[in-house]
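The exercises below are meant to be worked through with the model open, one task at a time. Try each task before reading its solution.

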Amino acid sequence: MQELSCTWVPGTIDVVRLRLGTRNIELTSTRLGRIFGSKALNDLYLKGRVVLRANSQQIDLLV
């Protein structure tokens, strides 16, 4: 399992930036919800930032 730090991309309404180690990945909130479930989006909307634990299958879906 690896930890991903997720925040909103400034100036957008639905783009999320994920930090995986030294890499930054940007994707839509819809895609993030499909990969990690609605709990990830709920925390992101409420707090503006969330740390997720991702398995290798989820990481493969991000790239």
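Helices (H or I, at least four residues) and strands (E, at least two) are DSSP runs, numbered from the N terminus. This is a predicted model, in which local features need pLDDT of at least 70 and side-chain atom pairs count only at pLDDT 80 or more, while totals for chains, interfaces and linings use all residues. Residues are numbered from 1 along each chain as its sequence is written, and side-chain values use heavy atoms, with hydrogens and water left out.

**Exercise 1. Determine which residues of H1 are buried, and how they are arranged about the helix axis.**

Step 1. Buried means under 20% relative accessible area, exposed means over 50%, and partly exposed lies in between (1.4 Å probe, protein chains only). By this criterion the buried residues of H1 are Ser-29, Leu-32, Gly-33, Ile-35 and Phe-36.

Step 2. Viewed down the axis of H1, these buried residues fall within an arc of 165 degrees, so they line one face of the helix; the arc is that of the directions from the helix axis to the C-beta atoms. An α-helix has 3.6 residues a turn, so residues three or four places apart point the same way.

Step 3. Take Ser-29 as one of these residues: its relative accessibility is 7%, so Ser-29 counts as buried. Contact means heavy atoms within 4.5 Å, and, when residues up to four places away in sequence are not counted, Ser-29 touches Trp-8, Asp-14, Val-16, Leu-41 and Tyr-45.

Step 4. Just after H1, Gly-37 takes a positive phi of about 95 degrees.

**Exercise 2. Work out the strand order of the sheet and the placing of the helices against it.**

Step 1. The open sheet has 4 strands in the order S3-S2-S1-S4, with antiparallel pairing, where two strands pair if DSSP finds at least two bridges between them. S3 and S4 stand at the edges with a single partner strand each, so one side of each is left without a neighbour in the sheet. From one strand to the next, the twist averages 30 degrees.

Step 2. S1 and S4 pair over 6 bridges, and Cys-6 has Val-50 in S4 as its bridge partner. S1 is joined to S2 by 4 bridges, with Thr-7 standing opposite Arg-17 in S2. S2 and S3 pair over 6 bridges, and the bridge partner of Arg-19 in S3 is Asn-24.

Step 3. The hairpin of S1 and S2 has 6 residues between the strands, and Gly-11 there takes a positive phi near 85 degrees. The hairpin of S2 and S3 has 2 residues between its strands, and Gly-21 in the turn has a positive phi of about 65 degrees.

Step 4. H1 lies across S1, S2, S3 and S4, running at about 100 degrees to S3, whereas H2 packs on the sheet by touching S1, S2 and S4, with its direction at about 155 degrees to that of S4. Axes are lines fitted to C-alpha atoms, for helices over the stretch in contact, and angles run from 0 to 180 degrees between N-to-C directions.

**Exercise 3. Identify the residues with the most contacts inside the largest nonpolar core.**

Step 1. A nonpolar core is a set of buried Ala, Val, Leu, Ile, Met, Phe, Trp, Tyr and Cys residues joined through side-chain atoms within 4.5 Å. The largest one has 18 residues, and those with the most contacts inside it are Cys-6, Leu-18, Leu-32, Phe-36, Leu-52 and Leu-62.

Step 2. The elements that give two or more residues to this core are S1, S2 (15-20), S3 (23-28), H1 (29-36), H2, S4 (49-54) and H3 (56-62).

Step 3. Leaving aside its neighbours within four places in sequence, Leu-32 is in contact with Val-16, Leu-18, Leu-27, Gly-37, Leu-41, Leu-44 and Leu-52.

**Exercise 4. Classify the aromatic pair by its geometry.**

Step 1. Rings of Phe, Tyr and Trp (its six-membered ring) pair if their centres lie within 6.5 Å; planes under 30 degrees apart count as stacked, over 60 as edge-to-face and the rest as tilted. The structure holds 1 aromatic pair. The ring centres of Trp-8 and Tyr-45 are 5.3 Å apart and their planes stand at 40 degrees, so the pair is tilted.

Step 2. The pair links distant parts of the chain, with Trp-8 in S1 (residues 2-8) and Tyr-45 in H2 (residues 38-47), 37 residues apart.

Step 3. Trp-8 is partly exposed at a relative accessible area of 21%, whereas Tyr-45, at 52% relative accessibility, counts as exposed.
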